[in-house]
Amino acid sequence: MTYPRGIFIRNSATQRVNHWITAACFVLLMISGLAMFHPMLFWLSALFGGGQWMRAVHPWVGCILVVSYAGMIVQYVRDNLPTHDDVAWMKAIGSVLTNDEEHIPEVPRFNTGQKFVFWSMALLVPVLLITGLAIWDAYFEHATPIETQRIAALIHSMAAAIAIIIWIIHVYAAIWVRGSVRAMTRGYVTPGWAWRHHRKWLRQLVETGSMGPRPGS
Amino acid sequence: MPNNLQSQDYIRISATTLTPPSVRRHEEEVAKLIDVTRCIGCKACQAACMEWNNLRGSVGQFEGTYDNPLDLDPNTWTLMRFTEWDNPKGDLEWLIRKDGCMHCEDPGCLKACPAPGAIVQYASGIVDFVSENCIGCGYCVKGCPFNIPRISQVDHKSYKCTLCSDRVGVGLEPACVKACPTGAIMFGSKTDMTTWASERVEDLKSRGFENAGLYDPPGVGGTHVMYVLHHADMPSIYAGLPDNPHISTFVQAWKGALKPIALAGVAFAAVAGFLHWVVWGSNEVEDRDEKEAAELIRAEGGPK
């Protein structure tokens, strides 16, 4: 892996690949899911080669996402555990939203907003998996009673809508905080970026003489 | 949505936000009346259905009951269901009900269907599946209060009774009606069938079936297939005919309130993000940050 001199690695290559597999699956699921959710968006089914193909493909993409997100959990869970830093960060949410960096406490590898996205998806993905299996008619048509499938369809749609909203927050935050997209594409950030947004993480890396993404690595 | 020649007959179309063609709303609604009390269970209707619709199910197993096959399937659009019922007097009654699509006035299948034009309701009230638009998702199965549609594992299309819409469209009665040897299945305008049914109900009451009645459940806005039952107070004794069928509350929420709420939530998130950017702008690293970081790195032992 080649990185420019003097940078810090924000996300390892494995993490990045894992992230983008998840992202690709999520976008495909979102498009096909919205097409099946609302008549005005059914035209999106054309992107999958028509309604039949979309209906057939959606659950399989979901399966890939589940495996992929499990990988995300394994790779990121340690740095997403709640700490006292989160309390301080939440208290300064007003400063966060107004780019008032002076009044935001020092943040470790992930801030509370990022942890919120991580844990929301960690909760929603299993919900979408279980409810999705119940309404996967090609294989599980008779696995559960129809009443269960009705409830599953409702919960699946609600969970998906929440997931899409969280995804929008996630994508917007990446655009808003400049340098974040590169942190997930090429994997690195400048020392100034780390200082500005994740100072506690930067201090830990510098103390251990690490290039990142974790102290000592 | 690909059109066919009868598109002006549709008064309801699945997965559309627009008003379907309504010039023929004046058309008289039809109904099939199944007089359970006159049925002898000969299955001529079942055979006629297969014959007219050209359906050939695979030969199944004998399961020790008259129900054959055991359940509706993509090749069985109507099915005689036999029930041995011990009445309160201690006598055995053999209840035989011809099961199949009820052609609800407010069809749950159509409400649940996500594919535009895969399920339609004609001005006559007949609910029909347009296979070329069907995506095989099975939502109709969840929407149906009567457990009727069946998805084929071969072609992933949903199938059910069409009320012989192709025959009715050219002025013929449905095949099952044509074949019934006892006149237990009648077909005509819904008004005529209701009138005829009330005569039958009166007759039955005079013969000791005081709970005889017409099954035209209001929970689904009435149906275009109705039953005369000797025990209309207990529809469920007829092989699980729902006592008070209605579209499930879960399906109503899923296909009703949730759709605008969810899309509004998604749109709100996107607009909020855009406005945040317009008001506060992006958060960019400044030279000062790079300087401070460089200082920290130097203090801790220089660049790696």
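Predicted model: local features only at pLDDT ≥ 70, side-chain atom pairs only at ≥ 80, totals over all residues.
In what order do the strands of the open sheet of 3 strands in chain B run, and is the pairing parallel or antiparallel?

Analyst: The order is β1-β5-β6 in chain B, and the pairing is antiparallel. Residues are numbered from 1 along each chain as its sequence is written, while chains are lettered from A and ligands numbered from 1 in the order in which they are written.

Back to your sheet. At its edges sit β1 (10–13) and β6 (127–129) of chain B, each pairing on one side only (strands are DSSP E runs of at least two residues, helices H or I runs of at least four, numbered from the N terminus; two strands pair if DSSP finds at least two bridges between them). From one strand to the next, the twist averages 30° (axes are lines fitted to C-alpha atoms, for helices over the stretch in contact, with angles from 0 to 180 degrees between N-to-C directions). Strand β5 (residues 119–122) of chain B meets β6(B) in the antiparallel sense over 3 bridges, and there B:V120 has B:D128 in β6(B) as its bridge partner.

Chain B also has an open sheet of 4 strands, ordered β9-β2-β11-β10, with mixed pairing. Here β9 (185–189) and β10 (213–215) of chain B are the edge strands with a single partner each, so one side of each lacks a neighbour in the sheet. Strand β2 (residues 30–35) of chain B pairs with β9(B) over 5 bridges, antiparallel, and B:V30 stands opposite B:S189 in β9(B). Helix α6 (residues 190–206) of chain B packs on this sheet, touching β2, β9, β10 and β11 (225–229) of chain B, and its direction makes about 135° with that of β9(B) (contact means C-beta atoms, placed from the backbone, within 7 Å).

Now for the neighbour. The contact between the chains takes 46 residues from chain B and 45 residues from chain A. On the side of chain B that touches chain A, α3 (139–143), α7 (249–255), α8 (258–280) and α9 (287–299) of chain B each supply at least two residues. The largest share of that side, 11 residues, comes from α8(B). By class, that side of chain B has 26 nonpolar, 12 polar and 8 charged residues (Ala, Val, Leu, Ile, Met, Phe, Trp, Tyr, Cys and Pro are nonpolar, Asp, Glu, Lys and Arg charged, the others, Gly among them, polar).

Chain A itself has 10 helices and 2 strands, and its C-alpha trace spans about 60 × 40 × 30 Å along its principal axes. For one helix pair there, α5 (residues 112–134) and α7 (residues 146–176) of chain A pack at about 155°, with axes 9 Å apart. The contact of α5(A) with α7(A) has 15 nonpolar, 8 polar and no charged residues.

How values were computed
Contact = placed C-beta atoms within 7 Å.
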